[in-house]
Amino acid sequence: LKRLTLLLKDLVDLDVDLKLLLLQRILSTAEKQGLSVVDAFSVMDIDGDGALTEGELVKALERLGVYDLAGDENQRTEFFQVREIMQRVDANADNRVDLHEFLAIMGYSYSTHLQVKLSHILRRAEKGGMSLLAAFDTWDHDGDLSISVKELQEGLQTLGIFRGMSAGDVACLCRSVDSDNDGVISSQEFLNFVGYKGSPEQYRMSRLLLRVQDQGLSLENLFRDWDSDGDLTVTGQELMEGIKKSIQRNKD
């Protein structure tokens, strides 16, 4: 009887492992479609108290298709498995799954979530017309051409979506972006974080050229406009004058 009990426990453990793997795959697929793990947690957290009860977890797993608990003959077994999942995920044994414990299902920390979510927000904002360097300047409150940990935290707080963020999470995010380890984020590091590998000057130029194209001027015509002496080359001086003219046109 003891051996049979152990065998049944092993089978339950195996099924729970498979269900957790299925949950991971569902969350991973949702992430690829733009829904973060934290977004998913917020949807599951029906009463909005920042933690999942066993009942909320049951409803979430059923909606996701991990379990079918609608009165079938295996209902009691599957409820038991949900409880097993709860016990595995609930690291502090308070019978609730908080956000950090839920992130651990995917092998994430909250600082990892910060990186993924912030990068996604900045990319989406840029597609909507916002300049990444304009965002950088907004968060660089003291104008020293860098973003400190304090400025980063204040910037993230203005977004109003990182409710589980701690000072340690922000410091970890800053370290992950700060490639030269000087304790602050430069404009180059900020651009690199979002996936742009050129220099800030190249970024500004690319943004300017896109705006000019949006106004109906081809790059060939722009080159001719900037090549004031018509020698088929644009000198540094001609480039500066051309940029000034283009900026003035945008203002007009």
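At what angle do H7 and H10 pack, and how far apart are their axes? In this predicted model, for which local features need pLDDT of at least 70, side-chain atom pairs count only at pLDDT 80 or more, and totals for chains, interfaces and linings use all residues, H7 and H10 pack at an angle of about 125 degrees with their axes 10 Å apart. Residues are numbered from 1 along each chain as its sequence is written, and side-chain values use heavy atoms, with hydrogens and water left out. Helices (H or I, at least four residues) are DSSP runs, numbered from the N terminus.

- Axes are lines fitted to C-alpha atoms, for helices over the stretch in contact, and angles run from 0 to 180 degrees between N-to-C directions.
- H7 and H10 are therefore oblique to each other, given that angles under 35 degrees count as roughly parallel, over 145 as roughly antiparallel, 65 to 115 as roughly perpendicular and the rest as oblique.
- On the H7 side, the contact (heavy atoms within 4.5 Å) is made by Leu132, Leu133, Ala135 and Phe136, and on the H10 side by Ser187, Phe190, Leu191 and Val194.

**Burial of H10**

- Helix H10 (residues 187-194) is largely enclosed by the rest of the structure, because six of its eight residues are buried, where buried means under 20% relative accessible area, exposed over 50% and partly exposed in between, with a 1.4 Å probe and protein chains only.
- The buried residues of H10 are Ser187, Glu189, Phe190, Leu191, Phe193 and Val194, and just after this helix Gly195 takes a positive phi of about 110 degrees.

**Aromatic pairs**

- Rings of Phe, Tyr and Trp (its six-membered ring) pair if their centres lie within 6.5 Å, with planes under 30 degrees apart counted as stacked, over 60 as edge-to-face and the rest as tilted; by this rule the count comes to four aromatic pairs.
- Phe136 and Phe190 are edge-to-face, because their ring centres are 5.6 Å apart and their planes stand at 65 degrees.
- Since Phe136 lies in helix H7 (residues 132-139) and Phe190 in helix H10, the pair ties together parts that are 54 residues apart in sequence.
- Phe136 is buried at a relative accessible area of 2%, and Phe190 is buried at 4%.
- Tyr196 and Tyr203 form an edge-to-face pair, 5.1 Å centre to centre with 80 degrees between the planes; Tyr196 is partly exposed at 24% relative accessible area, whereas Tyr203 is buried at 2%.
- Phe136, Trp139 and Phe190 form one aromatic cluster.

Notes: Helix = DSSP H or I, 4+ residues; strand = E, 2+ residues; numbered from the N terminus.
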